[in-house]
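Hi everyone, thanks for making time for this one. Please bring the model up on your screens, and I'll talk you through a few places in the chain.

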Amino acid sequence: MLGISIYPYKEKIAETIAYIDLAAKYGFGRVFTNLLMIDKGEEKQVITVLKTAIQYARKRKMEVILDLNPAVFDQLDISYHDLSFFKEMGATGIRLDSSFDGLVESLITFDQTDLDLEVNISNDTYYLENVLSYQPNKKRIIGCHNFYPQRFTGLDYDYFIKCSEKYKKLGLRTAAFVNSHEASHGPHPYTDGLCTLESHRDLPITLQAKHFIATGLIDDIIIANAFASEDEIKALSQLLTNQLQFDVVFSEGATALEKEIVLEHQHFNRGDINSYSIRSTFVKLNYQTSDLPTNNTVEAVTLGDITVGNNRFGQYKGELNIVKQEMPNGKGEKNLVAKIKSDELFLIPYVKPWTKFQFREANHDE
């Protein structure tokens, strides 16, 4: 699922409403917002505008997760034994930016409001195991990473993987944040982009999302800052979120049949893998009687090249390969049909045995 973030207390309500409409238009299904930034004495004003925005998002059939911490309960004089205040605001769940003691979290999952409890999964602790030891209603627990406004403070990749795998193995639906390059603000006074992974901070928003998709560890991808442009939102909506989808640039002279082999099939890697290429072999069964003459048969193929076996290749005619390392093509049995965009080459190692993947044609190579 795709999502946006809104901060109505820093925005004109008309702008927030329009942003919700834009996201809903492109099929986004969830909204993140928070109650962490309320100055003393402004509680009523902030809650009023938040409630308006949240209830509008609910009318557009979007989930709304409201970020809280224990201090907010004290500030608003709300008991964690009664979450009706947040339900009446329109929220479908609450996110705990910091924790109680485990027992409180387990009790929250049995609250009569049926609000989801979203936990912070950017911590490599035994927090969730502690919560689970108190026998919560696990069906109402979901997880979400943090985002980081300060450059060079986002999560390192290996740490992100460690945390995400841990919580995913515990059965949580997971979420993480990507950074819009058109947005101007988040919830904090200072924002130098908002993202979960530091390595994503300057990447195109679709490439950030593709990386999360490639890991297989993140269910929901949320734009952390506001307001993302319509081009960014549209581009995200066009991604496949259930498998890796490479953007490719076709070779000059690639035929319609070669493009069909690349673009119009569900591909998957063979289980008996090798270090030279990713082999999509089942596709060839559709082209055993087709004519695939030699075309662009270069002497050697390199990382990211996409090849299709031609008429010279016997039983391998029509087989599609993604090249993982340079190798010769001196016999001219493989047509060089396309190349994966250069900025997506780092995604190739995510194709494991039996991994499903697809392609789409890029507008240009960067």
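Lys-61 sits in the loop between α2 and β3, where helices (H or I, at least four residues) and strands (E, at least two) are DSSP runs, numbered from the N terminus. Its phi is near 65 degrees, a positive value in a residue other than glycine. Is Lys-61 buried or exposed? At 72% relative accessibility, Lys-61 counts as exposed; the cut-offs are under 20% relative accessible area for buried, over 50% for exposed and partly exposed in between, with a 1.4 Å probe and protein chains only.

A quick word on the source: this is a predicted model, where local features need pLDDT of at least 70, side-chain atom pairs count only at pLDDT 80 or more, and totals for chains, interfaces and linings use all residues. Residues are numbered from 1 along each chain as its sequence is written, and side-chain values use heavy atoms, with hydrogens and water left out.

Now step back into α2, residues 43–59. Its 17 residues should span 24 Å at 1.5 Å a residue, and the end C-alpha atoms are 24 Å apart, which agrees; the expected span is 1.5 Å times one less than the number of residues. Among the buried residues of α2 are Val-46, Ile-47, Val-49, Leu-50, Ala-53 and Ile-54. An α-helix has 3.6 residues a turn, so residues three or four places apart point the same way. What covers the buried residues of α2? The cover includes α1 (13–25), β2 (30–34), β3 (63–68), α3 (70–75) and α4 (84–89), with contact meaning heavy atoms within 4.5 Å.

Next stop, β5, residues 116–120. Here 5 of the 5 residues are buried, so the strand is largely enclosed by the rest of the structure. Asp-116, Glu-118 and Asn-120 are buried on one side, and Leu-117 and Val-119 on the other. β5 pairs with β4 (residues 93–96) in the parallel sense over 4 bridges; two strands pair if DSSP finds at least two bridges between them. Gly-93 has Asp-116 as its bridge partner in β5. The chain gets from β4 to β5 through helix α5 (residues 103–108), in a right-handed β-α-β crossover. Right-handed means that, with the strands pointing away from the viewer, the path from the first strand over the helix to the second runs clockwise.

β5 also runs parallel to β6 (residues 141–144), joined by 4 bridges, and Leu-117 has Ile-141 as its bridge partner in β6. With helix α6 (residues 127–133) between them in the unit, β5 and β6 make a right-handed β-α-β unit.

Two backbone details to finish. A cis peptide bond joins Ala-226 and Phe-227, with omega about -5 degrees, and Phe-227 lies in the loop between β8 (220–223) and α9. Trp-354, in the loop between β16 (334–340) and β17, has a positive phi near 75 degrees. Thanks, and I'm happy to take questions!
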